[in-house]
Every structure is written in C-alpha cells, then in structure tokens.
Amino acid sequence: MEFFLDTADVKVIREFKETGLINGITTNPSLVAKSGKDFKKILKEISKMIKGPISAEVTAIDCKGMIAEAKILSNISKNIVIKLPLTEEGLKACKILSSKKIKTNVTLCFSAAQALIAAKCGATYISPFVGRLDDIGENGMNLIREIKAIYSNYKNIKTKILVASVRTVDHVIESGMIGADVVTLPPATLAKLYKHPLTDKGLKAFLDDWKKTNQKIL
Ligand code: G3P
C-alpha cells in the first residue's frame with residue numbers, strides 16, 4: 001500500500017520525506033489556503049522534492065474550465081495528477097484527460113456508485129472520503145470495502161483506490177486489510193503510526209537495564 005501525504009505545506013513535506021515513507025502528495029484548495037502560499041509555487045517546490053504523484057485540484061466547475069486549468073497545472077511538472085471533483089462536469093473532464101494519458105484523481109467520492117462511474121471515465125485514482133462519512137454517522141471504511149469488491153470484479157478497471165479524509169490509525173490498518181492501493185495521510189496521522197505505548201515502555205526498560213551493564217557500543 002502506498003502512502004501519500006495530505007498537505008500543501010512544503011516544510012512539512014521536506015520533514016516527512018526523511019521518513020522514507022512518502023510515495024506521493026495530495027493537496028486540495030483548503031490545504032492551499034491553510035498554507036497561505038501561492039499554489040503554483042507550492043507545486044513547483046513539491047515537485048523538486050517528490051518524484052511520485054502530486055495531486056493538484058482544479059477550481060473551475062465546468063468541463064472546459066477544468067481542462068484549461070489542467071493544462072496549466074500539468075505543465076508545472078510531469079508528476080502532477082489532476083484532481084477533479086466527482087460531478088458530471090468533473091467526470092467529463094476526467095474522460096477527456098484520461099484519453100490524453102493525463103493522470104487524474106477524482107475527489108469527493110462518497111458512494112460506490114460514484115466510484116464506479118469515475119472508473120468508467122478512466123480515473124487513475126478515486127478518492128473516497130472516509131472520515132467525512134464517519135462524521136455523519138456512517139462507516140467510511142464500508143465504502144472502501146464496497147469499492148474494492150466492485151473494482152475487483154472487473155479486470156479492465158485500473159482505477160486505484162486512494163483512501164482520503166483519513167483520521168485514525170485504524171483507518172490505515174483497515175485500508176491495508178481491504179487492499180486499498182493508497183492512503184493519503186495528514187502529517188499528524190502518519191506520525192501516530194509509529195506509536196504504541198508498549199514500544200515506549202519496552203524501550204525505557206531496555207535502556208534502564210543497559211545502563212546497569214556499564215557497557216558502550218560506540
Ligand atoms: O485531500 C482530501 C481529504 O483527505 C480531506 O480530508 O480531513 O478534510 O476530510 P478532511
């Protein structure tokens with residue numbers, strides 16, 4: 001399973017790149033607004049650091065506008081993936097871009113039916129938002145199970161399941177158990193993957209005992 005970092009903060013990306021865990025980046029307009037920086041400059045900087053896919057979202061709401069924006073965003077770097085909303089216009093744009101071999105990430109997916117039509121339009125990635133479904137009392141991970149079941153029935157579907165709106169370590173574990181292709185993680189959630197209280201406790205005990213030996217490795 002690949003890990004993408006869900007942020008537009010270049011400093012944070014630089015820091016987390018060191019972990020060796022980052023296969024790509026996803027951004028969205030809210031994350032760009034949070035960064036307070038120029039979108040195109042952000043994308044340029046990220047592309048210097050990350051060789052994997054970098055999702056950049058269009059802001060037009062009509063197909064023609066989306067295609068025009070996609071052209072500009074794609075020119076920034078060859079690893080830019082065009083992020084499109086799961087609307088009728090977004091999927092028209094997805095069909096056009098995929099016919100031109102431009103990679104797409106169809107976002108704001110909240111149902112298996114939406115995921116199915118995105119795949120039929122040639123989406124490279126589908127982004128179901130699990131946390132936001134949990135927020136309204138549904139089970140976000142059930143959506144991932146449904147999409148996986150549908151996509152697995154058809155060999156010609158190449159669309160990758162990119163689990164988004166990930167909030168917890170359990171979302172990551174379940175994504176792996178279901179066989180999702182990618183999870184995009186907020187930096188704080190990625191940091192939590194290292195943590196277990198027994199690791200801290202065990203390490204402390206080992207180091208305390210080591211001290212008693214009066215030995216040194218170096
Ligand atoms: O990048 C889209 C997605 O991951 C958003 O997450 O936490 O705003 O629901 P969230």
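Q: Which residues does V130 touch, not counting those up to four places away in sequence?
A: In this predicted model, V130 touches G140, M141, I144, V163, A164, S165, V166 and H171. A touch here is a contact, that is, heavy atoms within 4.5 Å.

Q: Why does V130 count as buried?
A: Buried means under 20% relative accessible area, exposed over 50%, and partly exposed in between (1.4 Å probe, protein chains only). V130 has 0% relative accessibility, so it counts as buried.

Q: Where is V130 found, and how far is it from I67 in space?
A: V130 is in helix α7, residues 130-135. Helices (H or I, at least four residues) and strands (E, at least two) are DSSP runs, numbered from the N terminus.

Q: What makes S127 buried?
A: Its relative accessibility is 1%, so S127 falls in the buried class. S127 belongs to strand β6, residues 125-128. Leaving aside neighbours within four places in sequence, S127 is in contact with N105, V106, T107, L108, C109, L162 and A164.

Q: How do you know that the buried residues of α3 line one face of the helix?
A: The buried residues in α3 (residues 39-49) are I42, L43, I46, S47 and M49. Seen down the helix axis, they fall within an arc of 155°, so they line one face. That arc is taken from the directions from the helix axis to the C-beta atoms. K41 and K48, on the other side of α3, are exposed.

Q: What do the buried residues of α3 pack against?
A: They pack against α1, β2 (24-26), α2 (29-35), β3 (54-57), α4 (63-76) and β4 (80-85).

Q: What makes the phi of S165 and of N214 worth a look?
A: Most residues other than glycine have a negative phi. S165, however, has a positive phi near 55°, and N214, also not a glycine, has a positive phi of about 55°.

Q: Are S165 and N214 buried or exposed?
A: S165, in the loop between β7 and α9 (169-178), has 11% relative accessibility and therefore counts as buried. N214 lies in the segment after α11 (197-213), and with a relative accessible area of 71% it is exposed.

Q: How many positive and negative side chains does the protein chain have?
A: There are 34 positive and 22 negative side chains, with the centres of the two sets 7 Å apart. Lys and Arg count as positive and Asp and Glu as negative, while His and the chain ends are not counted. Each charge is placed at NZ of Lys, CZ of Arg, CG of Asp or CD of Glu.

Q: What is the mean pLDDT of the protein chain?
A: The mean is 98, and 100% of the residues reach 70 or more. pLDDT is the predictor's confidence in each residue, from 0 to 100. Confidence is lowest in helix α1 (residues 10-17), at a mean of 97, and highest in strand β7 (residues 160-163), at 99.

Q: Which rules lie behind the numbering and the values?
A: Residues are numbered from 1 along each chain as its sequence is written, and side-chain values use heavy atoms, leaving out hydrogens and water. As this is a predicted model, local features need pLDDT of at least 70 and side-chain atom pairs count only at pLDDT 80 or more, while totals for chains, interfaces and linings use all residues.
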